[in-house]
Amino acid sequence: MIFSMTKAAKFALVAGPLAMGGYGVARNIGRLDNVYGPGFDWQLAHFLGLAGFLLFVPLVLGLRTLLPAGTVREVVVGATLLGLATSVVQFGVDIVQAFLAADKEELRSLQHDFSGLPGVRPAIYDVGPLFFFVGIVVVAVLAARAGRLPWWSPVVMLVGVLLPPVNLDLMPLAGLLMLVALLPLRRSFRQVSAAERAEPLA
């Protein structure tokens with residue numbers, strides 16, 4: 001089970017940040033004609049974003065196995081996964097709404113109706129996703145303290161997660177920085193894989 005999780009985490013280590021960066025690229029290209037809304041460009045961008053968040057689930061779970069056990073690890077990982085769950089819901093809803101909407105105005109109306117439901121805006125849009133972006137930085141800090149990442153990785157990760165709130169057009173760069181910050185984990189995942197293969201069968 002650990003070996004399978006490690007393989008999934010190794011794949012997600014590269015694919016997750018690239019998918020998030022791809023979301024930014026598709027979004028920026030789709031906005032060039034000023035009619036970004038329901039249609040191929042919107043759906044492509046949001047499917048890439050959804051894939052990115054989903055891929056971070058095995059990555060975060062794989063990272064958990066590299067961190068020292070304890071309450072701090074469980075709380076931080078749990079909060080990060082909670083943020084991922086709300087982000088998945090947000091992007092999934094955006095995709096469904098875009099399928100249902102005939103035009104940009106109807107899409108806005110559907111979004112307003114959903115976000116207007118009690119508790120939805122803070123949980124799914126305003127606060128919930130922040131748990132992922134803050135959590136992944138803290139996870140990077142814990143991994144650096146455990147010797148799994150170099151000291152500069154949390155710094156690069158922090159810059160990466162701060163860029164989209166400044167300007168969502170910077171999402172491609174944010175995805176690239178997240179990839180750079182996490183790439184050193186490949187060595188740790190390789191070591192775990194080698195250790196698991198070396199264990200004798202019971």
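Predicted model: local features only at pLDDT ≥ 70, side-chain atom pairs only at ≥ 80, totals over all residues.
A search of the whole structure gave five salt bridges. One of them joins the side chains of Asp169 and Arg27, with an N to O distance of 2.7 Å. This pair connects distant parts of the chain, since Asp169 lies in the loop between helix H7 (152-166) and H8 while Arg27 belongs to helix H1 (residues 2-30), 142 residues apart. Asp169 also forms a salt bridge with Arg31, where the closest N and O atoms are 3.9 Å apart. Here too distant parts of the chain are linked: Arg31 sits in the loop between H1 and helix H2 (40-64), 138 residues from Asp169.

Asp169 is partly exposed at 33% relative accessibility, and Arg31 is partly exposed at 38%.

A further salt bridge is formed by the side chains of Glu74 and Arg73, at 2.7 Å from N to O. Arg73 counts as buried because its relative accessibility is 13%, under the 20% limit. Glu74, with a relative accessible area of 34%, is partly exposed.

Helix H8 comprises 12 residues (residues 171-182), which at 1.5 Å a residue should span 16 Å. The C-alpha atoms at its ends are 16 Å apart, in agreement with that expectation. The buried residues of H8 are Met171, Ala174, Gly175, Leu177, Met178, Leu179, Ala181 and Leu182.

How values were computed. Residues numbered from 1 in each chain as written. Heavy atoms only, no water. Helix = DSSP H or I, 4+ residues; strand = E, 2+ residues; numbered from the N terminus. Expected span 1.5 Å × (residues − 1). Buried < 20%, exposed > 50% of the residue type's maximum accessible area, 1.4 Å probe, protein only. Salt bridge = Lys/Arg side-chain N within 4 Å of Asp/Glu carboxyl O.
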